[in-house]
Amino acid sequence: MEAAEGLASASASTPGGEEPNGPGHLMDFLDEPFPDVGTYEDFHTIDWLREKSRDTDRHRKITSKSKESMWELIKSLLDAWSGWVVMLLIGLLSGTLAGVIDLAVDWMTDLKEGVCLSAFWYSHEQCCWTSNQTTFDDRDKCPEWQKWAELMTGTSEGAGAYLLNYLLYVLWALLFSFLAVSLVRVFAPYACGSGIPEIKTILSGFIIRGYLGKWTLLIKTVTLVLAVSSGLSLGKEGPLVHVACCCGNLFCSLFSKYSKNEGKRREVLSAAAAAGVSVAFGAPIGGVLFSLEEVSYYFPLKTLWRSFFAALVAAFTLRSINPFGNSRLVLFYVEYHTPWYMAELVPFILLGVFGGLWGALFIRANIAWCRRRKTTRLGRYPVLEVVGVAGVTALLAFPNPYTRRSTSELISELFNDCGALESSQLCDYVNSPNMSRPLDDIPDRPAGPGVYTALWQLALALVFKVVVTVFTFGMKIPSGLFIPSMAVGAIAGRMVGIAVEQTAYHHHDWIIFRNWCRPGADCVTPGLYAMVGAAACLGGVTRMTVSLVVIMFELTGGLEYIVPLMAAAVTSKWVADAFGKEGIYESHIQLNGYPYLDVRDEFSHRTLAADVMRPRRSEPPLAVLTQDADSVEEVEALIKGTDYNGFPVVVSRESERLIGFVGRRDLTLAVKTARQKQEGVVSSSLVFFTEDPPPLPDDPPPPLKLRRILNLSPFTVTDHTPMETVVDIFRKLGLRQCLVTRSGRLLGIITKKDVLRHMAQMMDQDPESIMFN
């Protein structure tokens with residue numbers, strides 16, 4: 001830096017100082033900001049430190065101006081309130097979209113089986129609500145609702161009617177899935193998948209242009225309805241997080257505070273993710289915790305409050321729409337009348353073990369299939385794959401009543417307690433003739449034939465869901481994983497619950513049942529086991545813990561059952577972690593080669609910055625710019641001949657003493673704009689980064705001053721800095737790159753991509769899988 005000052009003072013005292021091109025009259029076109037400076041290219045990482053610094057400067061400027069006039073004071077207040085306005089708008093729009101999606105999915109799912117004659121836009125349930133001829137015992141049957149066979153042939157019984165209903169069920173499923181994949185492929189390729197791996201990557205500072213755009217929002221909303229209605233083994237909860245983040249990005253563009261600062265934009269997107277989970281599960285607090293635990297990279301206290309507000313507004317909006325018709329936020333609301341007992345912790349923990357094993361198995365199988373899709377010809381035919389999987393799913397699902405219905409309805413039935421008014425097969429128990437108990441306190445009873453039939457059907461449904469979900473998640477349609485994972489756990493849990501219930505009934509004299517399960521008592525609630533199993537499997541796949549438990553008790557209203565849920569969630573995470581630390585979202589991030597530096601990853605290898613930095617010994621020397629010795633032509637040649645994100649600026653190529661760092665995009669835009677706007681700039685014009693121009697020969701072309709785009713305080717480490725420290729710095733400061741020096745002399749550079757590749761190499765993974773910087 002002293003050398004730079006020396007050169008600056010020397011140039012100020014040159015005889016050419018009074019010439020038109022001298023420092024007194026030098027035109028610095030960068031004194032006024034020009035469009036796109038400080039922005040980032042697609043598939044590149046943002047510089048968190050620079051974004052934070054720019055926001056601090058902006059805030060300081062607004063604060064100082066607010067003292068000048070009343071109008072400036074009002075503008076500063078509007079700026080302060082803009083964050084809350086954005087949260088309000090996100091909550092309103094995401095809540096409305098979630099309500100519309102829920103209503104549309106209900107109608108289109110039922111459309112596969114039949115139609116409402118009184119109003120074709122009514123779902124089965126809504127149709128029979130409005131009927132005056134519905135009885136309580138046959139509340140699912142009413143003359144206004146007719147299955148397709150009954151409508152076409154006039155009869156609903158017999159093999160012919162069954163086959164016609166079967167055929168139409170499959171055809172509707174094929175139509176919905178074909179429309180979904182075609183719309184995604186033609187209009188918005190980014191609308192596929194759950195979106196959470198990409199949202200996590202974007203929140204960590206990566207740029208994926210168009211991923212949160214208006215077209216993606218529109219197509220994802222429409223195709224999500226089609227995909228879920230087709231009967232494929234997927235849910236709408238994960239994609240709703242993507243939809244909410246698209247809403248957040250849309251409203252960010254209305255305020256320059258967020259649209260011009262990528263760091264501030266990510267604070268809004270973190271809050272939008274919370275609103276997405278809030279409307280997906282009707283769990284506002286769980287949504288905030290999900291954003292904090294699972295998706296966010298930078299989550300200051302201010303974002304926590306705003307996330308809470310956005311989740312609150314979104315939940316309130318959804319409650320106003322009341323898509324489930326039960327005056328509640330959730331479909332799975334349950335009321336159990338029996339407390340749980342300490343001895344039941346054993347089956348709860350066993351369900352946790354099952355959830356962990358299923359999670360680890362699913363991740364390995366799904367990633368293997370997705371990798372095969374990417375590396376073989378299968379990936380070239382996404383429409384054929386989706387339609388094929390939808391056809392096979394529909395063919396196998398229709399014969400089994402538990403797989404034919406929507407997955408949400410299945411989970412709701414599995415969670416339910418068997419009251420006296422339940423007509424489900426799962427509640428076909430043998431009643432005692434002299435039973436005179438209140439309706440909500442029914443003792444444990446022997447299972448009837450309906451329960452045993454249901455168990456066989458559930459066992460087949462479990463195998464079906466386990467297999468088919470592996471092939472479904474990751475296809476080129478919107479596909480969430482929360483509901484299929486919960487369904488697998490709920491099926492397993494209900495089966496375990498019935499087994500424990502019947503064991504307790506028939507062997508109540510065993511020592512484990514003697515203290516808490518007397519004959520004639522209501523001891524075991526199979527629905528609770530389904531709830532615990534659902535939490536265990538969801539935890540095994542996603543590795544959530546705290547947010548999972550909160551989402552589950554908000555989802556069901558089962559506040560009393562936090563301890564069983566915690567036991568299952570922790571056990572499933574421990575078991576799944578024994579087979580691999582990454583959850584499904586981290587695994588998909590690795591598969592896609594995104595530059596995501598996970599805060600939870602540990603780096604314990606004894607390597608130094610010098611081992612990782614570029615250039616290596618076999619590579620050409622580092623591409624640098626000098627502070628005052630390069631021409632415009634040389635700078636343009638350097639930009640054209642390399643693909644680096646930026647260039648260190650040194651005093652001279654001989655001394656290599658570091659001055660600063662300039663980004664590639666800023667440099668390209670600055671040179672291009674100067675050629676257009678600054679008179680006399682030609683290929684031989686000198687480019688300098690010092691405060692004053694260097695000594696110039698007689699009658700030179702006007703020099704180009706680019707000091708404004710120079711970062712004078714780039715982050716540096718010495719060559720002997722342990723990589724453990726470097727990794728920590730990249731994580732906590734969100735750096736794009738870091739320069740390596742020795743005694744002020746530039747040696748090399750370490751980028752985020754270099755760090756990730758080194759970590760992959762240390763863990764015996766393929767370092768070339770990290771594709772982006």
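What follows is a set of numbered points on this predicted model.

1. Overall make-up. The chain has 773 residues, and 55% of them are buried. Its secondary structure amounts to 29 helices and eleven strands. If you take contacts between residues at least 6 apart in sequence, 74% of them join residues at least 24 apart. The accessible surface is about 34,400 Å², with 60% of that belonging to carbon and sulfur atoms.

2. The main core. The largest nonpolar core has 156 residues, and the members touching the most others are Phe415, Met486, Met552 and Ile750. Helix α21 supplies the largest share of this core, with eleven residues. Apart from that core there is another one, of 22 residues, including Val635, Leu667, Ala670 and Leu710. As background, nonpolar side chains in soluble globular proteins tend to be buried together.

3. Ile750 up close. Which residues does Ile750 contact, leaving aside neighbours within four places in sequence? Ile750 meets Ala609, Val612, Met613, Met723, Val726, Phe730, Gln737, Cys738, Val740 and Val755.

4. Helix α21. This helix runs over residues 526-542 and has 17 residues; from first C-alpha to last it reaches 25 Å, close to the 24 Å expected at 1.5 Å a residue. As for cover, 17 of its 17 residues are buried.

5. What comes after α21. Arg543 follows the helix and lies in the loop between α21 and α22 (546-556). Its phi is positive, about 65°, although Arg543 is not a glycine. Is Arg543 buried or exposed? Its relative accessible area is 5%, under the 20% cut-off, so Arg543 counts as buried.

6. Another positive phi. Asn322 has a phi near 55° and is found in the loop between α13 (301-321) and α14 (345-375). Here the relative accessible area is 23%, so Asn322 is partly exposed. For context, most residues other than glycine have a negative phi.

7. A cis peptide. The bond joining Arg614 and Pro615 is cis, with omega about 0°. Pro615 has its place in the loop between α25 (609-612) and β3 (625-626).

8. Aromatic pairs. The structure holds 21 of them. Take Tyr162 and Tyr166: their ring centres are 6.0 Å apart and their planes are at 75°, so this pair is edge-to-face. The two tyrosines are four residues apart in helix α6 (residues 159-187), so about one helical turn separates them. Tyr162 is partly exposed at 37% relative accessible area, whereas Tyr166 is buried at 18%. Elsewhere, Trp107, Phe120, Trp121 and Tyr122 form one aromatic cluster.

9. Arginines over rings. Arg306 lies over the face of Trp84, 5.4 Å from the ring centre. Arg404 has its charged end over the ring of Phe398, at 4.2 Å from the centre.

10. Val682. This residue is in the loop between α27 (664-677) and β7 (686-688). Val682 has 36% relative accessibility and therefore counts as partly exposed. Not counting residues up to four places away in sequence, Val682 touches Val632, Arg675 and Pro701. Val682 and Pro703 are 21 residues apart in sequence, with their C-alpha atoms 9.0 Å apart in space.

Conventions. Residues are numbered from 1 along each chain as its sequence is written. This is a predicted model: local features need pLDDT of at least 70, side-chain atom pairs count only at pLDDT 80 or more; totals for chains, interfaces and linings use all residues. Side-chain values use heavy atoms; hydrogens and water are left out. The expected span of a helix is 1.5 Å times one less than its number of residues. Buried means under 20% relative accessible area, exposed over 50%, partly exposed in between (1.4 Å probe, protein chains only). Rings of Phe, Tyr and Trp (its six-membered ring) pair if their centres lie within 6.5 Å; planes under 30 degrees apart count as stacked, over 60 as edge-to-face and the rest as tilted. A charge sits over a ring if NZ of Lys or CZ of Arg is within 6 Å of the ring centre and within 35 degrees of the ring normal. Contact means heavy atoms within 4.5 Å. Accessible areas come from the Shrake-Rupley method with a 1.4 Å probe; for residues, only the protein chains shown count as cover. A nonpolar core is a set of buried Ala, Val, Leu, Ile, Met, Phe, Trp, Tyr and Cys residues joined through side-chain atoms within 4.5 Å.
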